[in-house]
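Subject: Handing over the structure, with notes

Dear colleague,

I am passing on the structure below, and after it come my notes on what I found. Please keep it open while you read.

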Amino acid sequence: FPSHDIGAPAKQTSKRIGLEVKQWIDQFRGLCKGVAADRNIEASEIVVLQNWILECPYPHIYPMSRIAEVLETIFEDGFVSKEEISSLLEELDKIS
């Protein structure tokens, strides 16, 4: 009888998903690096980060999950403080 690897389709799917996740993470790291580059985070950049995470199919995976937590804190009171910007910048530096 010919040998068939029953797990082959699952392995291929897993490999494809792993590559896709890596691509999303790489793109997000590039975005974070760009946002943090001038050391001055504008409100519009915070919205771009938030929208990117909302569009991402993997927001629960680090580093998206960590930045989502920081953004949630920022949006809680509707006011962006200097401390929150500093915290966001620190987190962006860690992942980019």
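A salt bridge is counted wherever a side-chain nitrogen of Lys or Arg lies within 4 Å of a carboxyl oxygen of Asp or Glu. By this rule there are seven salt bridges. This is a predicted model, in which local features need pLDDT of at least 70 and side-chain atom pairs count only at pLDDT 80 or more, while totals for chains, interfaces and linings use all residues. Residues are numbered from 1 along each chain as its sequence is written, and side-chain values use heavy atoms, with hydrogens and water left out.

Helices (H or I, at least four residues) and strands (E, at least two) are DSSP runs, numbered from the N terminus. Buried means under 20% relative accessible area, exposed means over 50%, and partly exposed is in between, with a 1.4 Å probe and protein chains only.

Among the salt bridges is one between Glu 20 and Arg 16, whose closest N and O atoms are 3.9 Å apart. These two residues are four apart in helix H1, so about one helical turn separates them. Glu 20 is partly exposed at 26% relative accessibility, and Arg 16 is partly exposed as well, at 48%.

Another salt bridge joins the side chains of Arg 39 and Asp 93, at 2.7 Å from N to O. Because Arg 39 lies in the loop between H1 and H2 while Asp 93 belongs to helix H4, the pair ties together parts that are 54 residues apart in sequence. Arg 39 is partly exposed, at 47% relative accessibility, and its phi is near 65 degrees, a positive value in a residue other than glycine. Most residues other than glycine have a negative phi, and most peptide bonds are trans. The peptide bond from Tyr 62 to Pro 63, however, is cis, with omega near 15 degrees, and Pro 63 lies in the loop between H2 and H3.

Which residue does Arg 66 meet in a salt bridge? The partner of Arg 66 is Glu 91, with 3.3 Å from N to O, and since Arg 66 lies in helix H3 and Glu 91 in helix H4, this pair ties together parts that are 25 residues apart in sequence. Arg 66 is partly exposed, with a relative accessible area of 26%, whereas Glu 91 counts as buried at 7%. Salt bridges that share partners join Arg 66, Glu 69, Glu 90, Glu 91 and Lys 94 into one network. Leaving aside residues up to four places away in sequence, Glu 91 touches Arg 66, Ile 67 and Val 70, where contact means heavy atoms within 4.5 Å.

Finally, there is the nonpolar core, a term for a set of buried Ala, Val, Leu, Ile, Met, Phe, Trp, Tyr and Cys residues joined through side-chain atoms within 4.5 Å. The largest one has 23 residues, of which Phe 28, Ile 41, Leu 49, Ile 67, Leu 71, Leu 88 and Leu 92 touch the most other members. The elements that give two or more residues to this core are helix H1 (8–36), helix H2 (43–55), helix H3 (64–76) and H4, and the largest share, six residues, comes from H1. In H3, the buried residues include Ile 67, Val 70 and Leu 71.

With best wishes
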